[in-house]
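Biologist: Hi, I'm new to this one. Could you walk me through it?

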Amino acid sequence: MGRSIIEKLWDAHAVADLGDGSWLVYIDRVFLHERTGSIALKGLEAAGRQVRNPEQVFCVMDHIVDTLPGRTDETMMPGGKAFITTTRQAANDAGITLFDLDDPRQGIVHVVSPEQGIAYPGLTLVCPDSHTCTQGALGAMAWGIGSTDAEHAMATKTLVVKKPKLMAVRFDGTPGYGVTAKDMILHLIGRHGAAGGVGYAVEFTGEGVRSLPQEARFTLCNMAVEFGAWTGVISPDETTFNYVKGRPYAPADGAWEQALADWQSLRTDADASYDAQIVIDCADIIPQVTWGTSPQHAANIDTVVPDPAAEPDHTRRELMEKALAYMDLEPGTPLTEIPIGAAFIGSCTNSRLSDLRAAAAILKGRHVAPGVKAICVPGSGSVKRAAEAEGIHEIFLAAGFEWREAGCSMCFYAGGENFGLETRVVTSTNRNFENRQGPRARSHLASPTTVAASAVSGHLADVREMATEK
Amino acid sequence: MEKFTTLTAVAAPILRINIDTDIIIPSREMKRVSKQGLSDGMFANWRYTEPGGREEDPEFILNQAPYRDAKIILSGANFGCGSSREHAVWALHEWGIRCVVAPSFGAIFQSNCVRNGILPVILDNAVIENIAGQVEASPADNQLRINLENRTLTAPDGTVHSFDIQPADRDMLLEGLDAIAVTMKHDEAILEFQARDRLQRPWVYL
């Protein structure tokens with residue numbers, strides 16, 4: 001019987017069967033950042049252990065660094081400087097590659113890793129960061145781990161992993177006007193829950209996925225973790241190979257041909273089977289926004305805040321009630337009548353050049369509504385420079401957005417910068433958790449174009465009703 | 001790592017689904033490059049009255065007398081979802097939690113628990129809600145008994161519930177083993193794999 005890509009990746013990295021479904025799995029790449037990687041490096045050092053293959057370990061500063069122009073090691077986060085200096089010292093001591101604050105390649109780990117060709121098809125890659133599943137969009141097995149497991153991966157080149165069940169999420173047809181990969185993944189989570197993928201490795205398949213450019217595929221896989229999945233994967237194809245080719249750390253010359261031959265055998269066989277399957281027709285997907293405090297609180301933009309009384313499952317209903325109280329929303333309110341105080345475009349979900357281009361197309365010739373604080377944080381230095389070469393920054397600035405240096409920025413609140421107490425934020429990020437973006441901040445997740453349309457409107461907005469200027 | 005064998009303790013029902021690691025420890029409470037000093041920030045946004053403050057909110061369960069001694073949390077599905085931050089587990093452990101009982105867990109959180117001496121127990125939601133009801137009737141008296149060797153949780157009414165756990169995880173907790181040391185017993189297999197892999201996938205080796 002045929003195998004899916006996840007089984008092929010698993011089999012190619014299985015070192016030892018530990019029994020009862022647990023395996024010792026070989027790890028090709030480890031990526032670290034200053035938030036959780038610093039402590040992993042310090043832990044190894046304290047235990048007197050070495051990084052086995054430091055040439056296959058990379059680190060970047062993204063979580064705590066400021067994103068204001070002229071930034072230094074000093075950060076707005078109390079105590080933040082120590083994370084940066086500790087990481088720098090530990091990375092240098094361990095002999096791993098660090099993309100430091102002043103490195104032109106610096107940026108968000110899950111943007112930088114594919115951009116530099118460090119992640120590519122056929123690899124296993126781990127990082128002490130839950131959104132590592134982003135990189136599965138290249139046909140790699142990439143997943144988030146804790147700091148202790150990061151120590152384990154660096155010291156032993158392996159991890160002990162329970163073999164996941166397999167789920168296919170198939171998107172039939174192609175997404176319509178105004179519908180992005182972000183809407184596809186929010187649609188999935190909104191209908192199947194934030195625990196819908198628990199215990200599974202999810203393969204995203206179907207014409208809707210094949211039609212997506214590589215950068216949009218990262219967005220899709222990025223939020224596999226918000227679906228509860230162990231990871232998300234997409235079988236590599238010509239789109240993938242064209243994306244990877246020529247990147248700094250990607251195989252080149254003769255090695256490229258050799259690698260390509262291997263990668264072409266990775267894609268899922270026609271007769272592969274799964275433990276579970278979800279089929280979604282892209283024709284049923286319209287732009288999504290969240291109204292609550294879990295990614296499963298996603299809804300079509302043209303609907304209203306739902307009524308918990310209509311929810312049959314009491315655990316979901318109780319969470320809805322708490323979420324509405326936290327979000328200060330009333331059931332029945334049209335989503336497009338919810339006013340916003342801030343707009344954020346950035347994060348490992350939606351900060352790539354194509355995201356910024358799409359948002360700029362909405363913002364061109366327009367201005368953010370009065371009273372809306374709007375910020376754009378490109379995902380990497382490379383993204384920022386490429387956007388600036390196209391004049392995209394001028395569109396953002398003319399529209400009233402701030403234009404920042406690369407980093408994770410206000411995807412989360414680390415004690416420094418935030419939008420202000422109880423501010424309602426429309427955001428291209430991945431988590432609308434309580435207090436995630438600031439003290440009592442009320443986050444509404446959406447695509448970058450929906451964020452742009454909402455910023456201009458002053459309330460959550462249906463991007464389909466907003467023509468782009470030619 | 002601290003061993004986990006048996007536990008008889010007060011349980012605190014926090015029966016909400018999707019309790020994420022941002023709730024368990026907000027990012028702003030991860031102040032130093034350290035695994036210590038995190039319990040003060042555990043559940044900070046629910047535990048204290050003001051953002052960033054330290055005045056306890058008496059409404060929050062772990063601020064209430066019998067539950068201050070809790071070593072077990074009973075919760076809803078998908079506990080520990082979200083961020084990979086192991087700080088969530090370090091904070092729980094430092095505060096005194098040794099076991100979390102939920103219908104399901106965030107995958108990374110579940111692994112992090114096992115690496116730090118906290119036992120994740122999976123039971124049906126209806127069972128957990130029933131046990132929570134018994135606990136709430138008299139929290140200090142109605143303690144739960146857990147035996148990891150036998151993989152059982154005994155409810156206050158004497159009902160014994162069996163739970164599953166990966167044998168590798170169980171051994172890790174029972175023996176308080178260091179995961180890296182355990183894996184290094186397979187070092188020959190790892191090195192053989194790597195030598196073979198270098199020939200099969202030379203492009204992978206930078």
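This is a predicted model: local features need pLDDT of at least 70, side-chain atom pairs count only at pLDDT 80 or more; totals for chains, interfaces and linings use all residues.

Biologist: How many bridges pair β1(A) with β2(A)?

Modeller: There are 4, joining strand β1 (residues 14-19) of chain A to β2(A) in the antiparallel sense. Strands are DSSP runs of E with at least two residues, helices are runs of H or I with at least four, and both are numbered from the N terminus. Two strands pair if DSSP finds at least two bridges between them.

Biologist: And what sits between those strands in the hairpin?

Modeller: The hairpin has 2 residues between the strands, and A:Asp20 takes a positive phi near 55 degrees.

Biologist: Which other strand is joined to β2(A)?

Modeller: Strand β8 (residues 158-162) of chain A, which runs antiparallel to β2(A) with 5 bridges. In β8(A), A:Lys162 is the bridge partner of A:Ser22.

Biologist: Is β2(A) enclosed or exposed?

Modeller: Largely enclosed by the rest of the structure, because 4 of the 5 residues of strand β2 (residues 22-26) of chain A are buried. A residue is buried if 20 or more other C-beta atoms lie within 10 Å of its own, exposed if 12 or fewer, and partly exposed in between, with C-beta atoms placed from the backbone.

Biologist: OK, switching to chain B. Where is B:Leu7?

Modeller: B:Leu7 is in strand β1 (residues 6-9) of chain B. With 17 C-beta neighbours inside 10 Å, B:Leu7 counts as partly exposed.

Biologist: What does B:Leu7 touch?

Modeller: Leaving out residues up to four places away in sequence, B:Leu7 touches B:Lys71, B:Arg98, B:Cys99 and B:Ile146. Contact here requires C-beta atoms, placed from the backbone, within 7 Å.

Biologist: How many residues does each chain put into the contact between A and B?

Modeller: Chain B gives 49 residues and chain A gives 68 residues. On chain B, the helices that each supply at least two residues include α4 (107-115) and α8 (187-200).

Terms used
Residues are numbered from 1 along each chain as its sequence is written. Chains are lettered from A and ligands numbered from 1 in the order in which they are written. Two residues are in contact if their C-beta atoms, placed from the backbone, lie within 7 Å.
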